Amino acid sequence: MDGTDDLLRRIEATPELADLLTWPGDFDVARRDPVEELILPNQLALTPIAGDGSGGTYFLCGAPGTARPVLYADSEGQATLMAADLVEAVTLIAAYPYWRDLLHGHSAEELEEEMCDDHPDYSAARGELIGLLGVTPPTVEEAVTRLRASASRTVPDFLPIARHDEGECVYELL
């Protein structure tokens with residue numbers, strides 16, 4: 001078993017960890033059914049590992065025992081590689097559950113303030129999640145750099161294709 005498998009099993013076996021990843025992380029390991037069947041142009045396997053509240057799905061790309069980047073595909077036909085591996089993905093999600101907004105250039109300070117205003121228990125929950133994971137969160141600058149580096153590797157090999165009865169539809173870059 002590799003580190004990815006170990007981490008997934010740990011999340012599945014630790015209800016408190018799974019609950020904290022679900023909120024505030026919006027990474028729910030109980031939601032593994034993607035909106036549609038996807039394939040990758042490079043033919044690597046896609047393994048759904050979690051979903052979010054808006055219908056998006058997180059996938060591991062590739063076979064177990066290999067380097068497996070994490071792809072996020074939303075329910076509107078957009079996708080991006082968001083991390084080099086599951087450990088990096090979960091760390092980014094725990095530290096910055098609003099990672100998609102960071103990727104699009106929104107201010108971390110404003111996003112953080114909004115989260116705290118909307119959810120007074122957010123800071124405590126995030127701190128508990130980071131503690132349970134035993135990770136050191138990256139700075140905002142490091143997180144944005146990592147997110148952009150992963151996203152830049154999406155096209156062409158990791159931009160998923162949905163297969164329908166009417167034909168194929170290539171996702172857009174998130």
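Tutor: The questions below concern a predicted model, and they go from the sheet to the helices and then to individual residues.

Student: In what order do the strands of the open sheet of 5 strands lie?

Tutor: The sheet is open and its pairing is mixed. Its edge strands are strand 2 and strand 8 (172–173), each of which pairs on one side only. Read across the sheet, the order is 2-3-4-5-8.

Student: How many bridges join strand 2 to strand 3?

Tutor: Strand 2 covers residues 46–51 and strand 3 covers residues 57–61. Leu-46 stands opposite Cys-61, and Ala-50 stands opposite Tyr-58.

Student: Which residue takes a positive phi in the hairpin of strand 2 and strand 3?

Tutor: This hairpin has 5 residues between its strands. The phi in question is near 95°, and the residue that takes it is Gly-55.

Student: What is the bridge partner of Ile-161 in strand 7?

Tutor: Strand 6 (residues 161–164) and strand 7 (residues 167–170) run antiparallel and are joined by 4 bridges. They form a hairpin with 2 residues between them. Within this pairing, the partner of Ile-161 is Val-170.

Student: At what angle does helix 3 run to strand 5?

Tutor: Helix 3 lies across strand 2, strand 3, strand 4 (70–73) and strand 5 (78–83). Its angle to strand 5 is about 100°.

Student: Which strands does helix 7 touch?

Tutor: Helix 7 (residues 140–152) packs on the sheet. Its direction makes about 125° with that of strand 5. The strands that helix 7 touches are strand 5 and strand 8.

Student: How are helix 3 and helix 6 oriented to each other, roughly parallel or roughly antiparallel?

Tutor: The axes of helix 3 (residues 86–95) and helix 6 (residues 122–133) come within 9 Å and cross at roughly 160°. An angle over 145 degrees counts as roughly antiparallel. Therefore the relation of helix 3 to helix 6 is roughly antiparallel.

Student: Is the crossing of helix 3 and helix 6 left-handed or right-handed, and how many nonpolar residues does the contact have?

Tutor: The crossing is left-handed. Helix 3 contributes Val-90, Ala-94 and Ala-95, which meet Tyr-122, Arg-126, Leu-129, Ile-130 and Leu-133 in helix 6. The contact has no polar residues and 1 charged residue, while the number of nonpolar residues is 7.

Student: Which residues of helix 3 meet helix 1?

Tutor: On the side of helix 1, the residues are Thr-4, Leu-7, Leu-8 and Ile-11. By class, this contact has 6 nonpolar residues, 1 polar residue and no charged residues. The residues of helix 3 are Leu-86, Val-87 and Val-90.

Student: Where is the peptide bond from Trp-23 to Pro-24, and is it cis or trans?

Tutor: Pro-24 is placed in the loop between helix 2 (15–22) and strand 1 (38–39). With omega near 20°, the bond from Trp-23 to Pro-24 is cis.

Student: What is omega for the cis peptide bond that joins Val-155 and Pro-156?

Tutor: Pro-156 is in the loop between helix 7 and strand 6. The bond that joins Val-155 and Pro-156 is cis, and its omega is about 5°.

Student: Is Asp-26 partly exposed or buried?

Tutor: Asp-26 is found in the loop between helix 2 and strand 1. Its phi is near 55°, a positive value in a residue other than glycine. Buried means under 20% relative accessible area. Because its relative accessibility is 27%, Asp-26 counts as partly exposed.

Student: Is Gln-43 buried or exposed?

Tutor: Gln-43 lies in the loop between strand 1 and strand 2, and its phi is positive, at about 70°, although it is not a glycine. The cut-off for an exposed residue is over 50%. At 61% relative accessibility, Gln-43 is therefore exposed.

Technical notes: Residues numbered from 1 in each chain as written. Predicted model: local features only at pLDDT ≥ 70, side-chain atom pairs only at ≥ 80, totals over all residues. Heavy atoms only, no water. Pairing = 2+ DSSP bridges. Axes fitted to C-alpha atoms, helices over the stretch in contact; angles between N-to-C directions. Parallel < 35°, antiparallel > 145°, perpendicular 65-115°, else oblique. Left-handed = near helix turned anticlockwise from the far one by under 90°. Contact = heavy atoms within 4.5 Å. Nonpolar A, V, L, I, M, F, W, Y, C, P; charged D, E, K, R; others polar. Buried < 20%, exposed > 50% of the residue type's maximum accessible area, 1.4 Å probe, protein only.
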